[in-house]
Amino acid sequence: MSAYSINKFPNRITIELNNTCNLECSFCPRNLVDMELGFMEEKLFYKIIDEAANNLPVAIVLFFRGESLLHPKLVKFISYAKKKGIGPIQLASNGLLLDKKLSEELIESGIDFISFSLDTIKEEIYSKTRKNGNLNKSIENIVYFCEKCKNAKKNSRDIPEIQISTVDIEEYKKDQEAFIEFWLKHVDKVRVYVEHSNNGNLGSISEEILKYDKRMPCRKVYQDMVVYWNGDIALCNHDWNNKLDLGNVKENSIENIWDSIQYKKVRKMHEENDYTGEIVCKNCDHWKMYYIDEGMIGKIYSRVE
């Protein structure tokens with residue numbers, strides 16, 4: 001018996017539209033991997049969405065290992081998925097490319113949730129950890145987007161939930177309270193993520209988050225699927241290296257891959273706490289989020305109307 005019931009189709013699919021990024025962040029797992037860069041083709045994206053539309057409900061996350069605003073078909077892709085009944089549709093961005101035109105297009109597309117990774121409101125700190133960035137421009141873009149959403153809501157239009165996030169690293173902690181206070185004037189919530197992978201192991205967390213006598217199964221392998229830009233399947237959103245051959249959605253259906261021998265072997269490893277080979281799960285701590293009352297690692301601060 002599995003630790004979790006398994007649907008014939010994943011509940012959520014993370015789709016990596018591209019793994020290119022316009023910033024170089026000192027804490028990013030990109031620094032730990034050597035990967036071929038590329039953009040997802042329209043044909044492949046539509047194939048994924050069409051199959052998901054036949055297995056609703058399915059949520060999608062249009063972000064992994066890169067800045068999705070770099071993909072020229074992003075808005076078109078969101079609109080297509082929305083019309084197919086997919087949802088919620090979620091996106092993460094650093095906000096630097098979010099100009100006025102794109103802001104209006106994103107709101108019109110029907111996207112349900114956007115998280116902006118900004119980390120600090122101090123330029124001198126931002127410039128040290130986010131090479132090639134422009135803090136003032138990113139803040140200006142995000143504030144404009146928030147105001148456009150507020151105006152759209154007044155006109156009874158659907159708008160996305162907006163989150164701003166920071167990583168709980170030493171450089172940001174001093175001004176974290178000011179960061180939260182500033183952004184709660186504009187966004188729905190502020191999320192503080194714990195730093196991970198800083199010891200070279202993807203998904204590992206340096207701070208202690210509850211002790212367990214034994215490792216327990218991670219819910220991700222029973223509910224979530226991640227598709228790289230080229231169609232290969234990642235184990236989860238911490239699998240930046242693609243060490244396992246779980247299949248490719250160009251060559252097979254999502255349903256078949258989800259029920260494949262390879263996936264069953266991974267789930268068995270989790271159930272028996274016996275990890276063999278180069279599997280990212282071995283040194284990952286994020287499985288703990290499914291066994292704590294909060295259901296997440298880190299903190300969330302919500303705006304009070």
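Modeller: On a 1 Å grid over the protein atoms alone, a cavity is a set of points where a 1.4 Å probe fits but cannot get out, whereas a pocket is an open set with protein on both sides within 12 Å along at least five of seven lines; lining residues have an atom within 4 Å of a point. Grid points are joined across faces, edges and corners, and a volume is the space filled by probe spheres set on the points. This is a predicted model, in which local features need pLDDT of at least 70 and side-chain atom pairs count only at pLDDT 80 or more, while totals for chains, interfaces and linings use all residues. Residues are numbered from 1 along each chain as its sequence is written, and side-chain values use heavy atoms, with hydrogens and water left out.

Biologist: How many cavities of 30 Å³ or more does the structure hold?

Modeller: There is 1 such cavity. The largest cavity contains about 100 Å³ of space. Its lining comprises 13 residues, and Cys218, Lys220, Cys236, Cys281 and Cys284 lie nearest the centre.

Biologist: Which classes of residue line the largest cavity?

Modeller: Ala, Val, Leu, Ile, Met, Phe, Trp, Tyr, Cys and Pro count as nonpolar, Asp, Glu, Lys and Arg as charged, and the others, Gly among them, as polar. The lining of the largest cavity has 8 nonpolar, 3 polar and 2 charged residues.

Biologist: Which residues have the most contacts inside the largest nonpolar core?

Modeller: A nonpolar core is a set of buried Ala, Val, Leu, Ile, Met, Phe, Trp, Tyr and Cys residues joined through side-chain atoms within 4.5 Å. Buried means under 20% relative accessible area, exposed over 50%, and partly exposed in between (1.4 Å probe, protein chains only). Ile15, Ile60, Leu62 and Leu106 have the most contacts inside the largest core, which has 85 residues. A second, separate core of 9 residues includes Cys218 and Met289.

Biologist: Where is Lys76 found, and what does Lys76 contact beyond its neighbours within four places in sequence?

Modeller: Helices (H or I, at least four residues) and strands (E, at least two) are DSSP runs, numbered from the N terminus. Lys76 belongs to helix α2 (residues 74-83) and is partly exposed, with a relative accessible area of 44%. Contact means heavy atoms within 4.5 Å. Leaving aside neighbours within four places in sequence, Lys76 is in contact with Glu42 and Tyr46. The C-alpha atoms of Lys76 and Glu42 are 9.6 Å apart, although 34 residues separate the two along the chain.
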